[in-house]
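Colleague: Could you walk me through this model? I'd like to start with the overall layout and then get to the details.

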Amino acid sequence: MAFSPRALSVEWVPERPGGLWPGRVRILDQTKLPAEVDFIDATTTEQVWEAIRSLRVRGAPAIGIAAAMGAAMAAGQAADRGAVTVGVLAALASAADTLSTARPTAVNLFWALDRMRCAARENSALAATELAERLAAEAQAIRDEDAAMCRAIGEHGATLLKDGDSVLTHCNAGGLATAEFGTALAPVYVAAEQGKRISVYADETRPLLQGARLTAWELMHAGVDVTLICDSMAAHVMKERRVDVVFVGADRIAANGDAANKIGTYGVALLARAHGIPFYVLAPTSTFDLATPNGAAIPIEERAAEEVTEGFGRRTAPGGVRVYSPAFDVTPAEIITGIICEKGIFPPKEAMVRRG
Ligand code: MRU
């Protein structure tokens, strides 16, 4: 199957020609990258839940899109089985409840599912089949709007990049983590289109190596000059003045501008501050969470010990050792140079009000 690293992290596939519903959710299995490009066709809510939980689909916007499509899929299947409107609404609600338990930190998951619940409520007067079509269209719209937001983030972010600049990034906030283009990597793609030569330092991102497995792979496929470093090398690389700017994504931005992102991001922000390097957080407004006042209120996912002690099949720590494995950390607004969303570039404390 043809694959562009800037697209197809998650896709809605109608079962029959002529309409959107019923449909299935096609997910690029990111746990197999970079060795294998393989897709899963999810046909049950549980399969979508498992794909999100086990990071087959990951990155805040892509998680939201997958969940919205999973909910639409359940609704479409109910209509296809002959359910009346109330049955379709119940299927949507039940799938949304299940999917909302897959991961706790990325607010896009909850945002996308709320949007699906809202679309269901607003269209509850429709016949079952029309409602199913409408919900599939809503999930597709969430995907398409994400692609447009990421493109706009790229346009804004690219204004900060000049020919020859070098960007450091952490984790993967590229096309794989979104519908297309990514957030932190979008300015790199746009700048490259504009003819600027931009290079990227990718932190490998322990323990699950999203930087090594995904960012390096994605950028190489796109023809971007990328250098992989271990997380512990970032300070040295900054001290050597190899980095002009840091771009990272976010899983949730609190009302005060504090931003949660992959574990290790906070450390990178501190290093950037110590070396006088600008540090930007790039995210669509679907990652902004007005209901969460500050970073301390953001729920931080803890992952299984095995991801640290025997990630990728080889034991690298003594059996029985105690492990603490938070998957995300919070960078305080005070050390974020700016937040870049589809509306523009804002000081972190103003981003929430100026997002429109
Ligand atoms: O655990 P992951 O791989 O889902 O974590 C992903 C990140 O931390 C990304 O930086 C974030 O979701 C932004 S993706 C545009």
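This is a predicted model: local features need pLDDT of at least 70, side-chain atom pairs count only at pLDDT 80 or more; totals for chains, interfaces and linings use all residues.

Colleague: Good. How is the chain divided?

Modeller: Domain 1 covers 10-150 and domain 2 covers 154-352; the bounds come from an automatic or database domain assignment. The C-alpha centres of the two domains lie 26 Å apart.

Colleague: And how many residues of each domain are in contact?

Modeller: 28 residues of domain 1 touch 36 residues of domain 2, where contact means heavy atoms within 4.5 Å.

Colleague: Now the sheets. What is the strand order in the three-stranded one?

Modeller: The order is β1-β2-β3, in an open sheet with antiparallel pairing. Helices (H or I, at least four residues) and strands (E, at least two) are DSSP runs numbered from the N terminus, and two strands pair if DSSP finds at least two bridges between them.

Colleague: Which strands are at the edges?

Modeller: β1 (10-14) and β3 (39-42), each of which pairs on one side only. From one strand to the next, the twist averages 25°. Strand β2 (residues 23-28) pairs with β3 over four bridges in the antiparallel sense, and Arg26 has Asp41 as its bridge partner in β3.

Colleague: Which helix lies across that sheet?

Modeller: α2 lies across β1, β2 and β3 and runs at about 20° to β1. Axes here are lines fitted to C-alpha atoms, for helices over the stretch in contact, and angles run from 0 to 180 degrees between N-to-C directions.

Colleague: What about the seven-stranded sheet, what order does that have?

Modeller: That open sheet reads β6-β5-β4-β7-β10-β13-β14, and the pairing is mixed. β6 (225-229) and β14 (344-346) each have a single partner strand, so one side of each is left without a neighbour in the sheet.

Colleague: Let's switch to helix packing. How do α2 and α4 cross?

Modeller: The axes of helix α2 (residues 60-80) and helix α4 (residues 107-122) come within 7 Å and cross at roughly 30°. α2 and α4 are therefore roughly parallel to each other; angles under 35 degrees count as roughly parallel, over 145 as roughly antiparallel, 65 to 115 as roughly perpendicular and the rest as oblique. Among the residues making the contact are Ala60, Ile63 and Ala67 of α2 and Leu109, Leu113 and Met116 of α4.

Colleague: How do the contact residues of α2 with α4 divide?

Modeller: Into 11 nonpolar, two polar and no charged. Ala, Val, Leu, Ile, Met, Phe, Trp, Tyr, Cys and Pro count as nonpolar, Asp, Glu, Lys and Arg as charged, and the others, Gly among them, as polar.

Colleague: And how do α2 and α5 run, roughly parallel or roughly antiparallel?

Modeller: Their axes come within 9 Å and cross at roughly 170°, and α2 and α5 are therefore roughly antiparallel to each other. The contact includes Ile65, Met69 and Ala72 of α2 and Leu135, Arg143 and Asp146 of α5. By class, the α2 contact with α5 has 13 nonpolar, two polar and two charged residues.

Colleague: Last topic, the backbone. Where are the cis peptide bonds?

Modeller: One joins Trp21 and Pro22, with omega about -15°; Pro22 sits in the loop between β1 and β2. Another joins Leu33 and Pro34, with omega about 5°, and Pro34 is in the loop between β2 and β3.

Colleague: Which residue other than glycine has a positive phi?

Modeller: Leu55, with phi near 65°. Leu55 is in the loop between α1 (45-53) and α2.

Methods:
Residues are numbered from 1 along each chain as its sequence is written. Side-chain values use heavy atoms; hydrogens and water are left out.
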